[in-house]
Amino acid sequence: MDLRRAVDLFVGQTGHWTASRWAQPAGAAGTRGDLTHGLVQRIADRAADAEGEPRRPVPRLVADPALTDQLRVVAADLIAANPPAAVIAEAAADVQAVRAALG
């Protein structure tokens, strides 16, 4: 699946969630927000690697509903970095896996 499409589906599923819905447990990963923030960080790390830049921590914003915006931004950064197709495919699979885990 295309990374843009995977992100659009993720945002369609979660973009309307309230803070309390993001705070619900998501297994060993912690909350749904924790799981999604981890996804955002992994994609940001891929983008940094593709750009030849150091990895930097993605700030955890106070409002978890902003996670979908962060995801869109880091995914766009990764796509703009033009990494090998395998990196984009791995990122898309990661988005799909987290989307499935969120239910």
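These are my notebook entries on a predicted model.

**Entry 1. Ground rules.** I worked on a predicted model, in which local features need pLDDT of at least 70, side-chain atom pairs count only at pLDDT 80 or more, and totals for chains, interfaces and linings use all residues. I numbered residues from 1 along each chain as its sequence is written, and took side-chain values from heavy atoms, with hydrogens and water left out.

**Entry 2. Core.** I looked up the largest nonpolar core, which has 26 residues. The term stands for a set of buried Ala, Val, Leu, Ile, Met, Phe, Trp, Tyr and Cys residues joined through side-chain atoms within 4.5 Å. For burial I used relative accessible area with a 1.4 Å probe and protein chains only: buried is under 20%, exposed is over 50%, and partly exposed is in between. The members that touch the most other members are Leu3, Phe10, Ile43, Leu71 and Val95. At least two residues of this core come from each of α1 (3-14), α3 (32-51), α4 (67-80) and α5 (85-102). The helices are DSSP runs (H or I, at least four residues), numbered from the N terminus.

I then listed the contacts (heavy atoms within 4.5 Å) of Ile43. With neighbours within four places in sequence set aside, Ile43 is in contact with Leu71, Val74, Ala75, Leu78, Ala91 and Val95.

**Entry 3. Aromatic pairs.** How many aromatic pairs does a search of the whole structure find? The search returned 1 aromatic pair. The criterion is that ring centres of Phe, Tyr and Trp (its six-membered ring) lie within 6.5 Å; planes under 30 degrees apart count as stacked, over 60 as edge-to-face and the rest as tilted.

**Entry 4. Arg32.** I found Arg32 in helix α3. What does the charged end of Arg32 sit over? It sits over the ring of Trp17, 4.5 Å from the ring's centre. The test requires NZ of Lys or CZ of Arg within 6 Å of the ring centre and within 35 degrees of the ring normal.

Arg32 is buried and has no salt bridge. I take a salt bridge as a side-chain nitrogen of Lys or Arg within 4 Å of a carboxyl oxygen of Asp or Glu. The nearest side chain of opposite charge is Asp64, 10 Å away. For charge, Lys and Arg count as positive and Asp and Glu as negative, while His and the chain ends are not counted. Beyond its neighbours within four places in sequence, Arg32 is in contact with Trp17, Arg21, Trp22, Gln24, Pro25, Ala26 and Leu102.

**Entry 5. Salt bridges.** I counted salt bridges and got 8 in the structure.

Asp8 bridges to Arg72, with the closest N and O atoms 3.3 Å apart. This pair links distant parts of the chain, with Asp8 in helix α1 and Arg72 in helix α4, 64 residues apart. Asp8 counts as partly exposed because its relative accessibility is 39%. Arg72 is also partly exposed, at 38%.

Arg60 bridges to Asp34, with the closest N and O atoms 2.8 Å apart. Arg60 is in the loop between α3 and α4 and Asp34 is in helix α3, 26 residues apart. Arg60 has a relative accessible area of 37%, so Arg60 is partly exposed. Asp34, at 31%, is partly exposed.

Arg55 bridges to Asp45, with the closest N and O atoms 3.8 Å apart. Arg55 is in the loop between α3 and α4 and Asp45 is in helix α3, 10 residues apart. Is Asp45 buried or exposed? Asp45 is buried, because its relative accessible area is 14%. Apart from neighbours within four places in sequence, Asp45 is in contact with Arg55 and Arg56.

**Entry 6. Loop residues.** I checked Asn82, in the loop between α4 and α5. Its phi is near 55°, a positive value in a residue other than glycine. Asn82 has a relative accessible area of 64%, so Asn82 is exposed.

I placed Pro54 in the loop between α3 and α4. Pro54 is partly exposed, at 46% relative accessible area. Pro54 and Val40 are 14 residues apart in sequence and 16 Å apart in space, C-alpha to C-alpha.

**Entry 7. Ala100.** I found Ala100 in helix α5. Ala100 counts as exposed because its relative accessibility is 60%. From Ala100 to Ala89 the separation is 11 residues in sequence and 16 Å in space, C-alpha to C-alpha.
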